[in-house]
Amino acid sequence: MQRIGIIGAMNIEVELLLGNIELQRKEKIAGFVFYVGKLYGKDVVITSCGIGKVNAASCTQVLIDRFGIDGIINTGIAGGLHKDVEVCDIVISSNVTHHDVRKKQMKNWFPHQEYFEGDRELIEAAEKAFENSDVITSSYHLGRIVSGECFVDDTKLKEQIIKGYSPHCVEMEGSAIGHVSHINDVPFVVIRSISDKADGKATISYEKFEKITAQNSATIVMNMMKIL
Ligand code: ADE
């Protein structure tokens, strides 16, 4: 891959990357700021899209149309859903989907599929990057990441999502980035570090672990640049 697009939702999720970019230029389109440059010798465009799937979808399409990228990485934090996933762990997307869109709608109408597969090359690079890194986390998991238009901090909703989708974690952008990447034939992967367990204590946990987990995920992405 020649030039990689890297998207975080919030500034905190990309600040470590922006601190290390050799910046060539900066461009503002549709309210998103795109930082074009090199990260560990690799051509990148780094941006933050804001929270939620509409922002993420719009930003991804601009990245593809205007910056000639040929791979997309979404980095950030998420709520853990799988029983083996602990706070500070890393989840790499085997695939992504929306937990708030009916499967039947996805299947019967455009884009005619229920989920979007993460790219093999990007997944393998993320796995290697984890192994080479010293992030403060115990393990990584390869699994499904789901997204929806809400912060999940309720055990009943958490159980419903687990029952419907068997995901490893939940967040609010990854499925939209995967969806838009897929319909444009651009390979993607979502990498998330776990800030909370998407339950009644999620907000407290999120506030405590937001910064360290955002940095965990960004550290993996930086190490991926040395591999790709
Ligand atoms: N991002 C981090 N934690 C989350 C949660 N519990 N729900 C949705 N998005 C999240």
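**Aromatic pairs, helix packing and burial**

Visitor: How many aromatic pairs are there in this structure?

Guide: The count comes to four aromatic pairs, where rings of Phe, Tyr and Trp (its six-membered ring) pair if their centres lie within 6.5 Å, and planes under 30 degrees apart count as stacked, over 60 as edge-to-face and the rest as tilted. This is a predicted model, in which local features need pLDDT of at least 70 and side-chain atom pairs count only at pLDDT 80 or more, whereas totals for chains, interfaces and linings use all residues. Residues are numbered from 1 along each chain as its sequence is written, and side-chain values use heavy atoms, with hydrogens and water left out.

Visitor: Why is the pair of Phe151 and Tyr206 called edge-to-face?

Guide: The ring centres of Phe151 and Tyr206 are 5.4 Å apart and their planes stand at 85 degrees, so the pair meets the distance limit and falls in the edge-to-face class. Phe151 lies in the loop between β8 (140-147) and α5 (155-165) and Tyr206 in helix α7, so the pair ties together parts that are 55 residues apart in sequence.

Visitor: What makes Tyr206 buried?

Guide: Tyr206 has 18% relative accessibility and therefore counts as buried, a term that means under 20% relative accessible area, with exposed over 50% and partly exposed in between (1.4 Å probe, protein chains only). Phe151, at 35%, is therefore partly exposed, while Glu173, at 4%, is buried.

Visitor: Where does Glu173 lie, and which residues does Glu173 touch?

Guide: Glu173 is placed in the loop between β9 (169-171) and α6. Leaving aside residues up to four places away in sequence, Glu173 touches residues including Cys49, Asn74, Ser147 and Arg192, where contact means heavy atoms within 4.5 Å.

Visitor: Why are α1 and α7 called oblique?

Guide: Helix α1 (residues 11-20) and helix α7 (residues 202-227) pack at about 45 degrees, with their axes 7 Å apart; angles under 35 degrees count as roughly parallel, over 145 as roughly antiparallel, 65 to 115 as roughly perpendicular and the rest as oblique, so α1 and α7 are oblique to each other. Among the residues that meet are Ile12, Leu16 and Leu17 in α1 and Ala214, Ala218 and Met222 in α7. By class, this contact of α1 with α7 has seven nonpolar, three polar and four charged residues, where Ala, Val, Leu, Ile, Met, Phe, Trp, Tyr, Cys and Pro count as nonpolar, Asp, Glu, Lys and Arg as charged, and the others, Gly among them, as polar.

How values were computed:
Axes are lines fitted to C-alpha atoms, for helices over the stretch in contact, and angles run from 0 to 180 degrees between N-to-C directions. Helices (H or I, at least four residues) and strands (E, at least two) are DSSP runs, numbered from the N terminus.
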